[in-house]
Amino acid sequence: MKTYLLDILNKYNRFSESLDVKTILCNKSWLAFNDTGDKELYIFQENGSLIVSINGKVTNGTWQYISTNKSIILSFKGQAYMLHPSFFDKTIFALQQDGTNRYAFMIDEQQSHSFQPKSLTELNAYFKNIERKKVEAEQQRIRIALAQQKAQQKRIEEEQRQQEQCRIEQEKRQREREQEELVNRAIEEQKKAERKKEQAILKQHKTFLIVQIIGSIVIIAFTVGMTFLAYNSATDSVWVIVPPIIFCLLYFLVYRKIIMWLRQKLLRKYLHSQQMDKQKLRDEIQWIEQESRREEEELNRLNNTINYKRMILRTEETSSNYKQTHRIFDRKEFAIYWDATAMKFKNVSLLIYNGTEIVRYENLENKGRKIVRLKKVHSPVKIILVANWLDALIYKVVYAVKG
């Protein structure tokens, strides 16, 4: 048996310890690789006998597997060899000579039609091809693993994106529900406020209260009367169902409709009255503004001067400084503010015309603020600021309406 140096086998050991050497070798015929062209055939018997045929010349020998050091002992032609399994696949079985880097190669005779190397170069190419396929398989495994990893990462990102989208949608729906609840709550509160306002309006009308009281009395009296008549005229207990029927008919078909009609009529009347009051107030304020400008221009035209524009006069609420208002309430304090410091005015006076009542404040400072209270306001209230400039009287007029 010839052995050869083959560096590529030193790079890896492909023989698994879990393989059974006896099962591999027995019941097969093995061609030993050589570069002489001789046909060298080995047949391993299970009883430990070995048949070696070289170009048809048969030699008997023995073989033995030593599990202690995982070696095979071959004995024939007066020589013995200790070999260690190094590589095995379905085609070739490589055995390393003990203590050396030399290898014997045995090829399964049944596979020899597809692979029967003639030289060490072909054998080396076979192992290189195996190594290349191994590298390619490893690279393919890595590519598959990377592709799976990318797919897994993409799936995770997609799940995260879907979860984020789901979270956003849930938050959006939550916000919409909260907004809807706020709107519904606001609508409900507005309805309650409107109902309270309507009740307050209806309470001001004695007619509505009287109709409710009279209607309730009529329903009760009519129901009691009909019940009494049914009780006296009926021969059985039919009269028992008469009171609820009479009451429901009177309440839902008569009383409720009358109350709803009267309620709507009173509310429409109230709304119309409110609109008329608002329109009246707007017209009054517009008239006041026009009249105020006209009187100022007329008074100062008579005095041949236009210096009234240098004076400031306004009414204001006492709760907020310098907030101009045109409304004055009964028994409520309001403030009058004036400023005549733009020029050298003298003898500053303040006149308040409230119907037939005249309130006069004289010898005032050129700039000041006066708190006034009127017990009864007669709209419109006319407020005049009078000052002397170059022996001419200068007027500033402001009107205020009853709040």
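Visitor: In which strand is the place of asparagine 363?
Guide: This model is predicted. Asparagine 363 has a positive phi of about 55° although it is not a glycine, and at 68% relative accessibility it counts as exposed. The place of asparagine 363 is in strand β14.

Visitor: Which strands stand at the edges of the open sheet of five strands?
Guide: The sheet has mixed pairing and the order β11-β17-β16-β13-β14. A strand at an edge has a single partner strand, so one side of it is left without a neighbour in the sheet. The strands in that position are β11 (327–328) and β14 (357–364).

Visitor: Which residue in β17 stands opposite arginine 327?
Guide: Strand β11 is joined to strand β17 (residues 392–402) by two bridges, and the two run parallel. Within β17, the residue opposite arginine 327 is valine 401.

Visitor: Which element gives the most residues to the largest nonpolar core?
Guide: The largest nonpolar core has 25 residues, and those with the most contacts inside it are Leu313, Ile336, Phe345, Leu350 and Ile383. Two or more residues of this core come from each of β12 (333–339), β13 (346–354), β14, β16 (381–389) and β17. With five residues, the element that gives the most is β16.

Visitor: How many residues does the second, separate core have?
Guide: The second core is separate and includes Met1, Leu74, Phe76 and Leu83. Its number of residues is 21.

Visitor: Which residues does leucine 350 touch, not counting residues up to four places away in sequence?
Guide: Leucine 350 is among the residues with the most contacts inside the largest nonpolar core. With residues up to four places away in sequence not counted, leucine 350 touches Leu313, Ile336, Trp338, Val359, Arg360, Tyr361, Leu364, Ile383, Ile384 and Leu385.

Visitor: What is the bridge partner of isoleucine 51 in β5?
Guide: Strand β4 (residues 49–54) and strand β5 (residues 57–66) run antiparallel and are joined by six bridges. Their hairpin has two residues between the strands, and asparagine 55 takes a positive phi near 55° there. In β5, the bridge partner of isoleucine 51 is asparagine 60.

Visitor: Which residue in the turn between β5 and β6 has a positive phi?
Guide: β5 pairs with strand β6 (residues 71–76) in the antiparallel sense over six bridges, and isoleucine 66 has serine 71 as its bridge partner in β6. The hairpin of β5 and β6 has four residues between the strands. The residue in the turn with a positive phi, about 55°, is lysine 70.

Visitor: Is leucine 41 buried or exposed?
Guide: Leucine 41 is found in strand β3 (residues 40–44). Not counting residues up to four places away in sequence, leucine 41 touches Ser29, Trp30, Leu31, Ile51, Val52, Ser53 and Glu109. Because its relative accessible area is 13%, and under 20% means buried, leucine 41 is buried.

Visitor: How far apart in space are leucine 41 and asparagine 55, C-alpha to C-alpha?
Guide: Along the sequence, leucine 41 and asparagine 55 are 14 residues apart. Their separation in space, C-alpha to C-alpha, is 8.2 Å.

Visitor: Which residues in helix α3 are buried?
Guide: Helix α3 (residues 206–233) has 28 residues and reaches 40 Å from its first C-alpha to its last, close to the 40 Å expected at 1.5 Å a residue. Valine 218 lies in α3 and is partly exposed, with a relative accessible area of 49%. The buried residues in α3 are Phe208, Gly215, Ile219, Thr223, Thr227 and Ala230.

Visitor: Which residues are joined by a cis peptide bond with omega about -5°?
Guide: Most peptide bonds are trans. The cis bond here involves proline 380, whose place is in the loop between β15 (367–373) and β16. The residues joined by the cis bond are serine 379 and proline 380.

Visitor: Where does lysine 77 lie?
Guide: Lysine 77 has a positive phi of about 55° although it is not a glycine. At 52% relative accessibility, lysine 77 counts as exposed. Lysine 77 lies in the loop between β6 and β7 (79–88).

Visitor: How many disulfides does a search of the whole structure find?
Guide: Cysteine 26 counts as buried at 5% relative accessibility, whereas cysteine 166 is partly exposed, with a relative accessible area of 38%. A disulfide requires a pair of cysteine sulfur atoms within 2.5 Å. The number of disulfides found in the whole structure is zero.

How values were computed:
Residues numbered from 1 in each chain as written. Predicted model: local features only at pLDDT ≥ 70, side-chain atom pairs only at ≥ 80, totals over all residues. Heavy atoms only, no water. Buried < 20%, exposed > 50% of the residue type's maximum accessible area, 1.4 Å probe, protein only. Pairing = 2+ DSSP bridges. Expected span 1.5 Å × (residues − 1). Core = buried A, V, L, I, M, F, W, Y, C linked by side-chain atoms within 4.5 Å. Contact = heavy atoms within 4.5 Å.
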